Amino acid sequence: MKLSLAVILPSVIMTALFFTIVIGLAYKAYKKKPITGSEGLIGLKGIADTDITNEGGMVALHGELWSAVSDE
């Protein structure tokens with residue numbers, strides 16, 4: 001039995017294209033900055049609800065209350 005190139009070549013091209021797209025999207029998601037959880041809050045500015053000391057305080061950000069600490 002023999003498979004023709006008309007069957008093999010499109011199958012190989014479609015499989016390679018599929019995996020190229022999947023790997024590209026996975027890499028793009030890997031490099032993207034987190035937008036949820038405490039990791040996504042680093043560097044953002046919020047409104048302090050209480051005094052923020054090295055022991056802690058409360059900050060309002062995106063409609064949520066978060067605990068925060070500061071050395072200053």
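User: Which residue of β2 stands opposite alanine 48?

Analyst: Strands of a sheet pair through backbone hydrogen bonds, either parallel or antiparallel. Here valine 59 in β2 is the residue opposite alanine 48. Isoleucine 47 stands opposite alanine 60 in β2. This is a predicted model, in which local features need pLDDT of at least 70 and side-chain atom pairs count only at pLDDT 80 or more, while totals for chains, interfaces and linings use all residues. Residues are numbered from 1 along each chain as its sequence is written, and side-chain values use heavy atoms, with hydrogens and water left out.

User: How many bridges join strand β1 to β2?

Analyst: Two strands pair if DSSP finds at least two bridges between them. Strands are DSSP runs (E, at least two residues), as are helices (H or I, at least four), numbered from the N terminus. Strand β1 (residues 47-48) has two bridges to β2, and the two run antiparallel. Five bridges join β2 to strand β3 (residues 64-68), again antiparallel. Within β3, glutamate 64 is the bridge partner of leucine 61, and leucine 65 stands opposite alanine 60.

User: In what order do the three strands lie?

Analyst: The order is β1-β2-β3, in an open sheet with antiparallel pairing. β1 and β3 are the edge strands, each pairing on one side only.

User: Which residues of β2 are on its covered face, and which on the uncovered one?

Analyst: Strand β2 spans residues 57-61. Gly57, Val59 and Leu61 make up the covered face. Met58 and Ala60 make up the uncovered one.

User: What phi does histidine 62 take?

Analyst: Most residues other than glycine have a negative phi, and most peptide bonds are trans. Histidine 62 is not a glycine, yet its phi is positive, about 55°. Histidine 62 sits in the loop between β2 and β3. That hairpin has two residues between the strands.

User: Is histidine 62 buried or exposed?

Analyst: Buried means under 20% relative accessible area, exposed over 50%, and partly exposed in between (1.4 Å probe, protein chains only). At 63%, histidine 62 is exposed. Aspartate 49, in the loop between β1 and β2, is partly exposed at 46%. Aspartate 49 and glutamate 39 are ten residues apart in sequence and 21 Å apart in space, C-alpha to C-alpha.

User: How many aromatic pairs does a search of the whole structure find?

Analyst: Rings of Phe, Tyr and Trp (its six-membered ring) pair if their centres lie within 6.5 Å; planes under 30 degrees apart count as stacked, over 60 as edge-to-face and the rest as tilted. The search finds one pair. Phenylalanine 18 and phenylalanine 19 have ring centres 5.2 Å apart and planes at 75°, so they are edge-to-face. Phenylalanine 19 is partly exposed, at 45% relative accessibility.

User: How much space lies in the largest pocket?

Analyst: On a 1 Å grid over the protein atoms alone, a pocket is an open set of points where a 1.4 Å probe fits, with protein on both sides within 12 Å along at least five of seven lines; lining residues have an atom within 4 Å of a point. Points join across faces, edges and corners, and a volume is the space filled by probe spheres set on them. The largest pocket holds about 200 Å³. Among its 14 lining residues, Leu41, Leu44, Val59, Leu61 and Ala68 are the closest to its centre. β2 and β3 are the elements that give two or more residues to the lining. β3 gives the largest share, three residues.

User: Where is confidence lowest, and where highest?

Analyst: pLDDT is the predictor's confidence in each residue, from 0 to 100. The lowest mean is 88, in β3, and the highest is 96, in helix α1 (residues 5-31). Over the protein the mean is 90, and 100% of residues reach 70 or more.
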